Amino acid sequence: MRTHLPLCLTALALAAGCGGYSSGGRHEIEIRRTLDEPRRGSDTPVDSATRFGYRRTDRGGDATAGSDIGYDVPRGWEELPPAQFRNPNFRIPGRDALECYVTVLPGGGGDVAMNVNRWRGQMGLEPISEAEVAALPRKTLMGREGVAVELEGTYGGMSESPRTGYKMVGVLVQLPMVGITVKMVGPAADVDAEKAGLESLCASIRLSAGGGMPPGHGSTGGGGAESGAMTWTVPEGWTVGGGGQFRLVTLHPGGNAEVECYVTVLTGDGGGVTANLNRWQSQLGLEPLSDAEVEALPTVDVLGVASPLLAAKGDFKGMGGTERDAAGLIAIVCPLGSHTLFVKMTGPVEGVFAARDGFEAFVRSIRQ
Amino acid sequence: MKRLLNGLLALFSSYGLAVTLLFFLFVLTFLGTWEQRFTSLYEVQRQFFDSTWLVYRRFGVPIPLPGVYLLLTLLSINLIVGGIVRIRKSSATFGILIAHVGIVTMLAGGLIEYHSSQKGHMTLHENGQRGPQQADEFKSYHEWEIVVAEIPRQGGVIELVIPGKQFIDLRPEATATFVSDELPFDVTVSRVARNSRVVPASQARGGGGPVIDGFTLVDLPQMKEAEQDSAGLYVTLSEKNGGARHDAILWAMQDLPWVVEMGARTYSVDLSRRRWKVPFSIVLDDFRKVDHPGTMMPASFESDVTKIEGGATERINISMNRPLRHAGYTLFQSGWGPQNAAPGTPLFSTFSVVRNPADSVPLWSCYVIAAGLLIHFVQKLVRHIQAENRRATA
């Protein structure tokens, strides 16, 4: 039995493993399915450029790797047709080996560390730890703080033959629900020569007008700014800071990183005015407000709605575990029917209350 | 002949076989779990758990192993022959017998699910603005199919479907030809890539396959999440009786199917996720999402749909804990989007659709196994107490 058993298993395995479809062959099509009408787009021949999305026709349906971002083509660069994960896509005349493109990945395509190490792998380099990724230089892209990467090595790319003496430079930024990367790779000398063009491209990338990018993708700078369907005026001296989850924009009065003012939009009532005011009260260790006290709060006109304004002080404990003694909070809740707008400013009590006038001017400037 | 039969019975009912099979199951479970570090769950399932045999390569050494499908088949035989047919029938083995029946039932349920189940998703859009609002079919997350259809000037369409299992594992140098009396051509498939990209030939720089109409198909490494793979392949339609050949690239991310005109007849050829029809139609009337207060994290989401079947309509609510069960299909509310939508944007709702004739078998087989083990345990306990009492009084 001892000798029979492995022989039986092997024989059975080999017998069962024979056949299959990996060797090809000739097969009868046996499955039929009936439809009442042809599927969309199945009745008219089109060329490959149209079929693969290099030349879009007005036929609706899902866009693939579509870009809702605007940009200025750097001087001397030319734009190529978009490709999968490359939109926009560029070439530099005279530097045919150089590739430069922007990738917008819904969902992010993995986190920043994963993508940094993916790029490192493409350059034949060992991966680095998350701590080392966090220590990489920073660069602003679309008003958000991103990670800047500069790598030298042997470029393998995606199933291409290895090329030595290559350099890859790029920026990766993670926005809520979408990741954006700008990448240039080619012979090191060509990359160095076109760095200025890459800088120019990164500085020009913005949301296109009426773009479908989500809340939380932020503005591109101070002064007038916009995000999706809302616009506002950034108060003088205030700076646009790094992004955060669920935020349309984050601002810092007077450039003070300790004080942050951010805008959030939630569908529906977002839990309700009183519930949110009392959540903020509890974050400061304060007693909840009664209905009468909520009614008695001062209001600010935001988008034509008299929005209650809460100004409070206490010891702050935020949702993310952040703690701060002697904290200040100024916030408004603006119910707009189908959605609710929240603007909240937190930080050291002196800094927050010193920026109160700017806060009120900011929320009054919001337009939809 | 009798000796051979007895020998086979002895083999298939032996503890040695059972232990060997369980050992290999342990090894494959370990290796499959280990491999999930490097590849998608779907690929691990295909390679280790859905196969009859496999070659596992480690440090360049190929190690042939039996697949879990084969192992469980043999284990079922072992349980039936050894654990049910040949087991000594007595009150002492009654509980064990019941437990063995439960295990065999569970394995049978797994076999039915493997061969008969259908799993996929159906995505419907509010208002039909950005996609279909109504559907009577759902798509697989992982499997592919090639669909060939003649497009009539008017009226219905008959699609001829080549299932993915018949081409997705095609070796690089091999071709597979599919034929049908309903088609005036043969369909030949080659250079199949499980994940790929179509690029203009000028961008491929020597990589990729043959160039067709200025484009080439470039192989890509498979994604960690198999749902993100974009399969691609080369297809040739060879008109019968020595007629013309028509070549094209089919790619999962293509915007439109390949449409070919042959004389007065028009054919479409498409590579898409495998589809299954359901015997009713679902229309998305409204989708709602409720967030946790002060956050953008959904606390719940639900869809109001209308089910249309045989001319009759029925309004139904599908939510996270209340799926729609009908005609052997179960529709679960599983997702929504676009998750980055600005307020007021029409949303889509995604339903996971499952058809599994044996979906309640695991539950009932667990009951049977538990009952058998409980009976056996109680019998053992009673015998032990009786023996202890006898010893005490002796």
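Let me start with contacts in chain B: among those between residues at least 6 apart in sequence, 53% join residues at least 24 apart. Please keep in mind throughout that what we are looking at is a predicted model. As for the surface of chain B, the accessible area comes to about 20000 Å², and carbon and sulfur atoms account for 58% of that.

Now to one helix, α2 of chain B, which covers residues 15-35. Which residues of α2(B) are buried? They are Leu17(B), Ala18(B), Leu21(B), Leu25(B), Leu28(B), Leu31(B), Gly32(B) and Glu35(B). Looking down the axis of α2(B), one finds these buried residues within an arc of 160°, and therefore they line one face of the helix.

Next, the backbone, where I would like to discuss two residues of chain B. Phe59(B), although not a glycine, has a positive phi of about 50°. Its place is the loop between β1 (53-58) and β2 (61-66) of chain B, and, because its relative accessible area of 80% lies over the 50% cut-off, Phe59(B) counts as exposed. Arg191(B), also a residue other than glycine, has a positive phi near 50°. Where does Arg191(B) sit? Arg191(B) is in strand β7 of chain B, residues 185-193, and with 40% relative accessibility, which falls between the 20% and 50% limits, Arg191(B) is therefore partly exposed.

Finally, the cysteines. How many disulfides does the structure hold over all chains? The count is zero. In general terms, a disulfide is a covalent bond between the sulfur atoms of two cysteines. As for individual cysteines, Cys261(A) has a relative accessible area of 0% and is therefore buried, whereas Cys366(B), with a relative accessible area of 41%, is partly exposed.

How values were computed: Residues numbered from 1 in each chain as written. Chains lettered and ligands numbered in written order. Predicted model: local features only at pLDDT ≥ 70, side-chain atom pairs only at ≥ 80, totals over all residues. Heavy atoms only, no water. Disulfide = S-S within 2.5 Å. Buried < 20%, exposed > 50% of the residue type's maximum accessible area, 1.4 Å probe, protein only. Helix = DSSP H or I, 4+ residues; strand = E, 2+ residues; numbered from the N terminus. Expected span 1.5 Å × (residues − 1). Arc of directions from axis to C-beta. Contact = heavy atoms within 4.5 Å. Areas by Shrake-Rupley, 256 points an atom, 1.4 Å probe, with all protein chains shown as cover.
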